[in-house]
Amino acid sequence: MKKILPSFSYIFHPMFIPAMATLFYLFYNDADFVTHEKIFVFFQVVIVTVFIPILAFLLLRATGNIDSVMISKISQRKIPLIIHCFLIILLVRKSITIDRYTELHFFLLGGLLSTLLALILLFANIKASLHLIAISSLTVFVIGLSLHLRVQSIFTITILILLNGFIASSRLEMKAHTYKELVIGFCIGAIPQLLLLVLWL
């Protein structure tokens with residue numbers, strides 16, 4: 001099990017969570033969008049939240065600003081988080097708009113709030129688990145979607161809840177975080193999503 005746990009940190013890297021949330025959103029709202037629109041929305045999110053961050057990571061690593069995809073050092077986290085904030089703002093203002101993609105729009109806004117909170121904490125020398133921020137926000141989002149659309153998603157939600165535990169265990173196994181940092185990350189991810197639920201649930 002100890003050999004398997006680290007893989008959860010890579011498979012469910014925070015960079016991939018917006019794309020996963022988009023897939024859940026499009027799946028649950030299957031009848032509302034034609035196929036080409038689904039593909040267009042998904043690839044917009046992937047380009048902005050996966051491809052561009054990968055290019056930014058390669059640039060930052062080449063210039064010596066970060067040394068690992070996990071960005072374990074507090075001093076190295078600020079620039080990637082600032083870049084992430086700008087990319088999310090770009091998405092919610094230009095692509096994933098509130099009038100057309102309401103639920104996904106608010107998920108991304110919650111992600112923006114979580115990222116800003118994680119960034120602010122860095123200036124207090126407090127590191128939150130970005131992995132727990134991401135997976136907890138996705139879990140709350142899927143629960144909200146299932147309630148909002150009245151879809152039975154017990155199995156999916158159970159898997160996501162278990163993944164929170166596996167990913168937390170993975171971060172501990174890799175000695176990337178303390179228990180405190182994991183709890184902070186979970187709260188920073190879940191609470192903004194819970195607060196924004198009232199605006200679209």
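Before you start: residues are numbered from 1 along each chain as its sequence is written, and side-chain values use heavy atoms, with hydrogens and water left out. Because the model is predicted, local features need pLDDT of at least 70 and side-chain atom pairs count only at pLDDT 80 or more, while totals for chains, interfaces and linings use all residues.

**Exercise 1: the largest pocket**

Task: work out which residues and helices line the largest pocket.

Solution: 
- Start with the term. On a 1 Å grid over the protein atoms alone, a pocket is an open set of points with protein on both sides within 12 Å along at least five of seven lines, whereas a cavity is a set where a 1.4 Å probe fits but cannot get out; lining residues have an atom within 4 Å of a point.
- Next, the volume: about 670 Å³. Volume here is the space filled by probe spheres set on the points, with grid points joined across faces, edges and corners.
- Now find the lining. It has 33 residues, and His13, Pro14, Met15, His84 and Leu130 lie nearest the pocket's centre.
- Two or more lining residues come from each of helices H2 (17–28), H3 (35–62), H4 (74–94), H5 (102–123) and H6 (130–148). H4 gives the most, with 7 residues. Helices (H or I, at least four residues) and strands (E, at least two) are DSSP runs, numbered from the N terminus.
- Finally, sort by class: 24 nonpolar, 8 polar and 1 charged. Nonpolar covers Ala, Val, Leu, Ile, Met, Phe, Trp, Tyr, Cys and Pro; charged covers Asp, Glu, Lys and Arg; the others, Gly among them, are polar.

**Exercise 2: annotated spans**

Task: find what the chain looks like over residues 7–27 and 104–123.

Solution: 
- Check the record. The unreviewed UniProt entry has the annotation "transmembrane region" for 7–27, 39–60, 104–123, 153–170 and 182–200. Such annotations may be inferred rather than shown by experiment.
- Residues 7–27 are 76% helix and 0% strand, with end C-alpha atoms 26 Å apart.
- Residues 104–123 are 100% helix and 0% strand, and there the end C-alpha atoms lie 29 Å apart.

**Exercise 3: salt bridges**

Task: list the salt bridges and say how accessible their partners are.

Solution: 
- A salt bridge needs a side-chain nitrogen of Lys or Arg within 4 Å of a carboxyl oxygen of Asp or Glu. The structure holds 3.
- Asp30 pairs with Lys38 at 2.3 Å, N to O. Asp30 is partly exposed at 46% relative accessibility, but Lys38 is buried at 18%. (Buried is under 20% relative accessible area, exposed over 50%, partly exposed in between, using a 1.4 Å probe and protein chains only.)
- Glu37 pairs with Arg100, their closest N and O atoms being 2.8 Å apart. This pair links distant parts of the chain, 63 residues apart: Glu37 sits in H3 and Arg100 in the loop between H4 and H5. Glu37 is buried at 14%; Arg100 is partly exposed at 39%.
- Lys73 pairs with Asp67 at 3.3 Å. Lys73 is partly exposed at 44%, and Asp67 is partly exposed at 44%.

**Exercise 4: cysteines**

Solution: 
- Recall that a disulfide is a pair of cysteine sulfur atoms within 2.5 Å. The structure holds 0 of them.
- As for accessibility, Cys85 is buried at 7%, while Cys187 is partly exposed at 33%.
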